[in-house]
Structures are given as C-alpha cells and as structure tokens.
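User: Hi! I'm new to this one, could you walk me through it?

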Amino acid sequence: MGNLGLKVKESSVRRRYSDFEWLRNELERDSKIVVPPLPGKALKRQLPFRGDDGIYEEEFIEDRRKGLEVFINKVAGHPLAQNEKCLHMFIQEPVIDKNYVPGKIRNT
C-alpha cells in the first residue's frame, strides 16, 4: 500500500497549536488510532517580576516545535491515520476547513 505520498518533511504549511489540537481530536474520534499526546500548550511559570507567563520563551517555543514535529511524524507514519482526510488536509491544505466531512481517502 505504501505511504500515500504524505511527505511531511517537504510540507511547509504553517500550523497553529490549535490546528494540532484539532487534528488530534479528529483522529481520536476514530478510536482505532492511539494518538500520541501533544507537547504542553504553555509553561505557566509564575516567576516574580515577570509580566508574561513564560509562553514566549524561545527555549520553550523551540522545544514545543520539536515536540510537534515528533507528533506529526508519528501520526503521519501510522497506517490507519494515513487514510484519514483530516491528516491530508493538515499536511497539504493551506487552510484547514474545520467543517469538512470526516472520512477515509480513497486510494486511487
């Protein structure tokens, strides 16, 4: 069957964290797929004398980016996930249509 041409590495669509959450929820509804957890949303570091809550610390951003990359590579490598329309949209479409009709992609 092969890899359905899901080339994650060459894909360069920009995704927000909420898009990853959306993808994970979509895949989880198909209970046959055990979806790996996402890296944390934000570090709530309650440090004194700091106005922000640690969200924009570069180290955290970079760690989370790596975590999301690991997540999407795991998911894209999953034989059941590879047929899901939501994964194809996530990887290939410039804008995710969250009102799409979930389903399998026919292997033509």
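User: What handedness does the crossing of α1 and α2 have?
Analyst: Their crossing is left-handed. Keep in mind that we are looking at a predicted model.

User: And at what angle do α1 and α2 pack?
Analyst: The angle is about 30 degrees, and the axes are 12 Å apart. Angles under 35 degrees count as roughly parallel, so α1 is roughly parallel to α2.

User: Which residues meet there?
Analyst: From α1 you have Tyr 17, Phe 20, Leu 23, Arg 24 and Leu 27, and they meet Arg 64, Leu 68, Phe 71, Ile 72 and Val 75 of α2. Sorted by class, that contact has eight nonpolar residues, two charged and no polar ones.

User: Let me step back. How many helices and strands are in the chain?
Analyst: There are three helices and zero strands. Along the sequence that reads α-α-α.

User: Tell me about α1 itself. Which of its residues are buried?
Analyst: The buried ones are Tyr 17, Asp 19, Phe 20, Trp 22, Leu 23, Arg 24, Glu 26 and Leu 27. Their cover includes α2 and α3.

User: What span should α1 have, and what is the distance between its ends?
Analyst: Helix α1 covers residues 17-29, which is 13 residues, so at 1.5 Å a residue it should span 18 Å. Its end C-alpha atoms are 19 Å apart, which agrees.

User: Now α2 and α3. How do their axes cross?
Analyst: The axes of α2 (residues 58-76) and α3 (residues 85-92) come within 11 Å and cross at roughly 135 degrees. The two helices are therefore oblique to each other. This crossing is left-handed.

User: Which residues make that contact?
Analyst: Ile 72, Val 75 and Ala 76 of α2 meet Leu 87, Phe 90 and Ile 91 of α3. By class, these are six nonpolar residues, with no polar and no charged ones.

User: What about the loop between α2 and α3, is Pro 79 there buried or exposed?
Analyst: Pro 79 lies in that loop. Pro 79 counts as exposed because its relative accessible area is 54%, and the cut-off is over 50%.

User: How far is the C-alpha atom of Pro 79 from that of Ile 33?
Analyst: They are separated by 9.3 Å, although the two residues are 46 apart along the chain.

User: Last one: what share of the whole chain is buried?
Analyst: Buried residues make up 34% of the 108 residues. As for contacts between residues at least 6 apart in sequence, 60% join residues at least 24 apart.

Note on methods:
Residues are numbered from 1 along each chain as its sequence is written. This is a predicted model: local features need pLDDT of at least 70, side-chain atom pairs count only at pLDDT 80 or more; totals for chains, interfaces and linings use all residues. Side-chain values use heavy atoms; hydrogens and water are left out. Axes are lines fitted to C-alpha atoms, for helices over the stretch in contact, and angles run from 0 to 180 degrees between N-to-C directions. Helices (H or I, at least four residues) and strands (E, at least two) are DSSP runs, numbered from the N terminus. Angles under 35 degrees count as roughly parallel, over 145 as roughly antiparallel, 65 to 115 as roughly perpendicular and the rest as oblique. A crossing is left-handed if the near helix is turned anticlockwise from the far one by less than a right angle, and right-handed if clockwise. Contact means heavy atoms within 4.5 Å. Ala, Val, Leu, Ile, Met, Phe, Trp, Tyr, Cys and Pro count as nonpolar, Asp, Glu, Lys and Arg as charged, and the others, Gly among them, as polar. The expected span of a helix is 1.5 Å times one less than its number of residues. Buried means under 20% relative accessible area, exposed over 50%, partly exposed in between (1.4 Å probe, protein chains only).
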